[in-house]
Amino acid sequence: TKDGNWLVKYYSPTCPWSRRFAPTWEKVYSDLQDSLASKDVFFGEVDCKVDRAICDAADIDGYPTVVYYSAGVNKGEVPGGQSYESLVEYAQSI
């Protein structure tokens, strides 16, 4: 996340809310990845069961959580970050 703008999903594969959110995240990614790459907006995800230290460093306290990073700086959670419409609107506003 050091370069560009990133929307990062923090999740746990054992969390029912994370599993429910996964198709929405995939749709946002597939719908926007090409158009946003030209604006240096990228998507990432962190499995907090595997990379606990990364999630702890980002102060993740619930799943799923989508965080916006710009040039490596945590800019905070995406408001309404679990709805398709909110994520698309936010991502397009970056």
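**Entry 1: helix against helix**

I started where α1 meets α3: Phe21, Thr24, Trp25, Lys27, Val28, Asp31, Leu32 and Leu36 in α1 touch Tyr84, Leu87, Val88, Ala91 and Gln92 in α3. By contact I mean heavy atoms within 4.5 Å. Sorted by class, this contact holds 9 nonpolar, 2 polar and 2 charged residues. For the classes, Ala, Val, Leu, Ile, Met, Phe, Trp, Tyr, Cys and Pro are nonpolar, Asp, Glu, Lys and Arg are charged, and the others, Gly among them, are polar.

A note on what I am looking at: this is a predicted model, in which local features need pLDDT of at least 70 and side-chain atom pairs count only at pLDDT 80 or more, while totals for chains, interfaces and linings use all residues. Residues are numbered from 1 along each chain as its sequence is written, and side-chain values use heavy atoms, with hydrogens and water left out. Helices (H or I, at least four residues) and strands (E, at least two) are DSSP runs, numbered from the N terminus.

Next I looked up the geometry. The axes of α1 (residues 16–37) and α3 (residues 84–93) come within 10 Å and cross at roughly 25°. That makes α1 roughly parallel to α3; the label covers angles under 35 degrees, with over 145 roughly antiparallel, 65 to 115 roughly perpendicular and the rest oblique. Axes here are lines fitted to C-alpha atoms, for helices over the stretch in contact, and angles run from 0 to 180 degrees between N-to-C directions.

**Entry 2: Val28, from the α1 side**

I picked Val28, which lies in helix α1. Is Val28 buried or exposed? Val28 is buried, at a relative accessible area of 1%. The cut-offs are under 20% relative accessible area for buried, over 50% for exposed and partly exposed in between (1.4 Å probe, protein chains only). Setting aside neighbours within four places in sequence, I find Val28 in contact with Gln33, Phe43, Tyr84, Leu87 and Val88.

I then traced the strands. An open sheet is formed by 4 strands in the order β2-β1-β3-β4, with mixed pairing. Two strands pair if DSSP finds at least two bridges between them. β2 and β4 (73–77) are the edge strands, each pairing on one side only. Neighbouring strands of the sheet are turned by 25° against each other on average, direction ignored.

β1 (residues 5–11) runs parallel to β2 (residues 41–47), and 7 bridges join them. Within this pair, Leu7 stands opposite Phe43, and Tyr11 has Asp47 as its bridge partner. α1 packs on the sheet, where it touches β1, β2 and β3 (65–70), and its direction makes about 155° with that of β2. Of the 7 residues in β1, 6 are buried, so β1 is largely enclosed by the rest of the structure.

Val66 is buried, with a relative accessible area of 4%. Its C-alpha atom is separated by 11 Å from that of Ser83, 17 residues away along the chain.

β3 and β4 pair in the antiparallel sense over 4 bridges, and Val67 has Glu77 in β4 as its bridge partner. The hairpin of β3 and β4 has 2 residues between the strands, and Ala71 takes a positive phi near 50° there. Ala71 is exposed, at 51% relative accessibility.

Last stop, the loop between α2 (52–57) and β3, where I find Pro64. A cis peptide bond joins Tyr63 and Pro64, with omega of about -15°. Asp59 lies in the loop between α2 and β3 as well. Asp59 has a positive phi of about 55° although it is not a glycine. Asp59 is exposed, with a relative accessible area of 64%.
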